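Reader: I am new to this structure and would like to learn how to read it. Please take one feature at a time.

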Amino acid sequence: QVQLVESGGGLVQAGGSLRLSCAASALTFSRYGMGWFRQAPGKERYFVGAISWSGGITYYEDSVKGRFTISRDNAKNTVYLQMNSLKSEDTAAYYCAAIEAARWSPYLIRKSTSYTYWGQGTQVTVSS
């Protein structure tokens, strides 16, 4: 059974940093692109960024460009989200998700319905 498990969330002051991890199991990890989404209370789940199966291509939502970085270690079946210069509006539950290589496109990676597997989420709270 495929599992994606996020970790690394917590409470941080504005301007601080956090690194989220997402560890995959029972998944041919190197054949999947990985995405990060976030969801604030009462709001929809929004795309944050994604990384291709090789790690060679990344996309980010405009509000996090220059602050967030996605990377992956296929040997460890893990994808990371490095978040710097955090703002109060970054407060949300963060989810990682796996997208099949065949669905990878700049358009589809932004759609939550394109992803096959999801983690349970980790909470990030940024205090101002």
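Author: Start with the disulfide, which is a pair of cysteine sulfur atoms within 2.5 Å. This is a predicted model, in which local features need pLDDT of at least 70, side-chain atom pairs count only at pLDDT 80 or more, and totals for chains, interfaces and linings use all residues. Residues are numbered from 1 along each chain as its sequence is written, and side-chain values use heavy atoms, with hydrogens and water left out.

Reader: How many disulfides does a search of the whole structure find?

Author: The search finds 1 disulfide. It joins C22 to C96, with an S to S distance of 2.0 Å.

Reader: Which parts of the chain does the pair link?

Author: Strands are DSSP runs of E with at least two residues, numbered from the N terminus. C22 sits in strand β3 (residues 18–25) and C96 in strand β9 (residues 92–100), so the pair links distant parts of the chain, 74 residues apart.

Reader: Why is the disulfide called right-handed?

Author: The torsion about the S-S bond of C22 and C96 is about 55°, so the disulfide is right-handed.

Reader: Are C22 and C96 buried or exposed?

Author: Buried means under 20% relative accessible area, exposed means over 50%, and partly exposed lies in between, using a 1.4 Å probe and protein chains only. Both C22 and C96 are buried.

Reader: Where is D90, and is it buried or exposed?

Author: D90 is in the loop between β8 (78–83) and β9. Its relative accessibility is 0%, so D90 counts as buried.

Reader: What does the side chain of D90 reach?

Author: A polar contact is a pair of N or O atoms within 3.5 Å; within protein, one must be able to donate a hydrogen and the other to accept it, and residues adjacent in sequence count only if both atoms are side-chain atoms. Here the side chain of D90 reaches the backbone nitrogen of K87 at 2.8 Å.

Reader: Which residues does D90 touch?

Author: Contact means heavy atoms within 4.5 Å. Not counting residues up to four places away in sequence, D90 touches R38, R67, F68, S85, V124 and V126.

Reader: Where is A26, and what is its phi?

Author: A26 is placed in the loop between β3 and β4. A26 is not a glycine, yet has a positive phi of about 55°. With 56% relative accessibility, A26 counts as exposed.

Reader: Which residues are in contact with V2?

Author: V2 is in the segment before β1 (3–7). Apart from neighbours within four places in sequence, V2 is in contact with S25, A26, L27 and Y117. V2 itself is partly exposed, at a relative accessible area of 21%.

Reader: Which residues line the largest pocket?

Author: On a 1 Å grid over the protein atoms alone, a pocket is an open set of points with protein on both sides within 12 Å along at least five of seven lines, and lining residues have an atom within 4 Å of a point. The lining of the largest pocket consists of R38, Q39, A40, K43, E44, Y46, F47, E61, S63, E89, T91 and A92. β4 (32–39) and β5 (45–51) each supply at least two of the lining residues.

Reader: How do these lining residues divide into nonpolar, polar and charged?

Author: Ala, Val, Leu, Ile, Met, Phe, Trp, Tyr, Cys and Pro count as nonpolar, Asp, Glu, Lys and Arg as charged, and the others, Gly among them, as polar. The lining divides into 4 nonpolar, 3 polar and 5 charged residues.

Definitions and conventions
Helices (H or I, at least four residues) and strands (E, at least two) are DSSP runs, numbered from the N terminus. On a 1 Å grid over the protein atoms alone, a cavity is a set of points where a 1.4 Å probe fits but cannot get out, and a pocket is an open set with protein on both sides within 12 Å along at least five of seven lines; lining residues have an atom within 4 Å of a point.
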